[in-house]
Amino acid sequence: MRPVTARRKIWGIEADVLKMINEASRESLPNEFVAALRAENGVITEILLFPGSRSNERSAFMQLNLMPIDFSVVGTVHSHPGPSNRPSAEDLHLFGNFGSTHIITCLPYDWRSWQAYDREGRPVKLEVVDL
Ligand SMILES: [Zn+2]
């Protein structure tokens, strides 16, 4: 068993990516914003957007299932148009099926609104990397 102090494979996120996530979430209101996360050397460096409507969580996540296989994709990010960034039952189902690192951001979409989760829906800490 790995010691609990071991760094996760995905351990950080670029500050610019967080900024982009919050801006896109604000622009998507009252809908959710959904994207895939891409990482390089353990740091999330990019979001991949999906075309089409994002009227609710269920339809947004169905689009994720249509994604091409891309091994630099490590998980998902989505926004909640409310004050909670805790995963819903639907979210937990997706987390268990896809990727290792998932981010949920909620209103007001600022530097403290987001939380990352592992595939079991347990909160994980990501370092914000400012380049
Ligand atoms: Zn959700």
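**Cores, a buried aspartate and a ring pair**

In this predicted model, the largest nonpolar core has 19 residues, of which Ile13, Leu37, Ile44, Ile47, Val77, Ile103 and Leu126 touch the most other members.

Reader: Which elements give two or more residues to this core?

Author: They are helix 1 (15–28), strand 2 (34–40), strand 3 (43–49), strand 4 (73–80) and strand 6 (114–117). Helix 1 gives the most, with 4 residues.

Reader: What does Leu126 touch, not counting residues up to four places away in sequence?

Author: Leu126 touches Arg8, Ile10, Trp11, Gly12, Ile13, Ile44, Thr101, Ile103, Trp114 and Ala116.

Reader: Why is Asp118 called buried?

Author: Its relative accessible area is 9%. Buried means under 20%, so Asp118 is buried.

Reader: Where is Asp118, then?

Author: Asp118 is in the loop between strand 6 and strand 7 (123–124). Leaving out residues up to four places away in sequence, Asp118 touches Arg8, Phe95, Ser100, His102 and Val124.

Reader: What makes the pairing of Asp118 and Arg122 a polar contact?

Author: The side chains of Asp118 and Arg122 are joined at 2.8 Å. A polar contact needs N or O atoms within 3.5 Å, one able to donate a hydrogen and the other to accept it, so the distance of 2.8 Å falls inside the limit. The side chain of Asp118 also reaches the backbone nitrogen of Glu120, at 2.9 Å.

Reader: Why is Ser84 called partly exposed?

Author: The relative accessible area of Ser84 is 34%. Partly exposed lies between the buried limit of 20% and the exposed limit of 50%, so Ser84 is partly exposed. Ser84 sits in the loop between strand 4 and helix 3 (89–97), and its side chain reaches the backbone nitrogen of Arg86 at 3.1 Å.

Reader: How many aromatic pairs does the structure hold?

Author: It holds 1 aromatic pair.

Reader: Why is the pair of Phe95 and Tyr117 called stacked?

Author: The ring centres of Phe95 and Tyr117 are 6.2 Å apart and the planes are at 25°. Rings pair if their centres lie within 6.5 Å, and planes under 30 degrees apart count as stacked, so this pair is stacked.

Reader: What does the pair tie together?

Author: Phe95 lies in helix 3 and Tyr117 in strand 6, so the pair ties together parts that are 22 residues apart in sequence. Both Phe95 and Tyr117 are buried.

Terms used. Residues numbered from 1 in each chain as written. Predicted model: local features only at pLDDT ≥ 70, side-chain atom pairs only at ≥ 80, totals over all residues. Heavy atoms only, no water. Core = buried A, V, L, I, M, F, W, Y, C linked by side-chain atoms within 4.5 Å. Buried < 20%, exposed > 50% of the residue type's maximum accessible area, 1.4 Å probe, protein only. Contact = heavy atoms within 4.5 Å. Phe/Tyr/Trp six-rings, centres within 6.5 Å; stacked < 30°, edge-to-face > 60°.
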